[in-house]
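Work through the exercises below with the sequence and the coordinates open. Each task is followed by a solution in steps.

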Amino acid sequence: MDKRGYLHQVHPVLPVWDVIEALNFYVNRLGFRIAFADDPKKPKYAGVIKDAVEIHLQWHDAKEWDAEIDRPMLRIVTQNIESLYREYGEREVFNPHTLLRETAWGTKEFAFYDPFKNGLTFYRDI
């Protein structure tokens, strides 16, 4: 008898116009570490990991950002969200409107954009 298929993880791929700049942001500002890069000097595709979350970063031509299109929005389940909020606040990754708040749908969360307009929401259930 065949075993049922099982979804184990998801590794979202975020578009970026500069993989080195993206690695710098995710490693030095958000505390991820580099998992891999397709080229050590001029990567076009790389991955970063923090705890159990892995995000891939893929180069896209900067001309693609001229068009008004929606960018990905990741929702990352987080433990100790208050500590993470303080840590990222100290690293100055927020815009002036970033707040840690409780939502009507039963979460406590905060959100901001990376330098490439990809949205990152960190949350936990209340």
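**Exercise 1.** How much space lies in the largest pocket, and which element gives the largest share of its lining?

Solution. The largest pocket holds about 490 Å³ of space. The model is predicted: local features need pLDDT of at least 70, side-chain atom pairs count only at pLDDT 80 or more, and totals for chains, interfaces and linings use all residues. Residues are numbered from 1 along each chain as its sequence is written, and side-chain values use heavy atoms, with hydrogens and water left out.

Step 1, the terms. On a 1 Å grid over the protein atoms alone, a pocket is an open set of points where a 1.4 Å probe fits, with protein on both sides within 12 Å along at least five of seven lines; lining residues have an atom within 4 Å of a point. Grid points are joined across faces, edges and corners, and the volume is the space filled by probe spheres set on the points.

Step 2, the lining. It consists of 21 residues, and the closest to the pocket centre are Ala 52, Val 53, Glu 54, Ile 76 and Val 77.

Step 3, the elements. Two or more lining residues come from each of β3, β4 (53-59), β5 (73-77) and α2. The largest share, four residues, is that of β5. Helices (H or I, at least four residues) and strands (E, at least two) are DSSP runs, numbered from the N terminus.

**Exercise 2.** Find the buried residues of helix α2 and state where they lie around its axis.

Solution. Step 1. Buried means under 20% relative accessible area, exposed over 50%, and partly exposed in between (1.4 Å probe, protein chains only). In α2 (residues 81-90), Ile 81, Leu 84 and Tyr 88 are buried.

Step 2. These residues fall within an arc of 60 degrees seen down the axis, so they line one face of α2. The arc is taken from the directions from the helix axis to the C-beta atoms. An α-helix has 3.6 residues a turn, so residues three or four places apart point the same way.

Step 3. The cover over the buried residues of α2 includes α1 (19-29), β3 (45-50), β7 and β8, with contact meaning heavy atoms within 4.5 Å.

Step 4. Look at both ends. Gln 79 is in the loop between β5 and α2 and is exposed, at a relative accessible area of 70%. After α2 comes Glu 92, with a positive phi near 55 degrees.

**Exercise 3.** Which aromatic residues do ring pairs link into a cluster, and how is Phe 122 paired?

Solution. Step 1. Rings of Phe, Tyr and Trp (its six-membered ring) pair if their centres lie within 6.5 Å; planes under 30 degrees apart count as stacked, over 60 as edge-to-face and the rest as tilted. The structure has 14 aromatic pairs.

Step 2. Phe 110 and Phe 122 have ring centres 5.3 Å apart and planes at 20 degrees, so they are stacked. Phe 110 is in strand β7 (residues 107-113) and Phe 122 in strand β8 (residues 119-125), 12 residues apart.

Step 3. Phe 112 and Phe 122 are also stacked, with centres 5.9 Å apart and planes at 20 degrees. Phe 112 is buried at 2% relative accessibility, and Phe 122 is buried at 4%.

Step 4. The cluster linked by ring pairs is Tyr 85, Tyr 88, Phe 94, Phe 110, Phe 112 and Phe 122.
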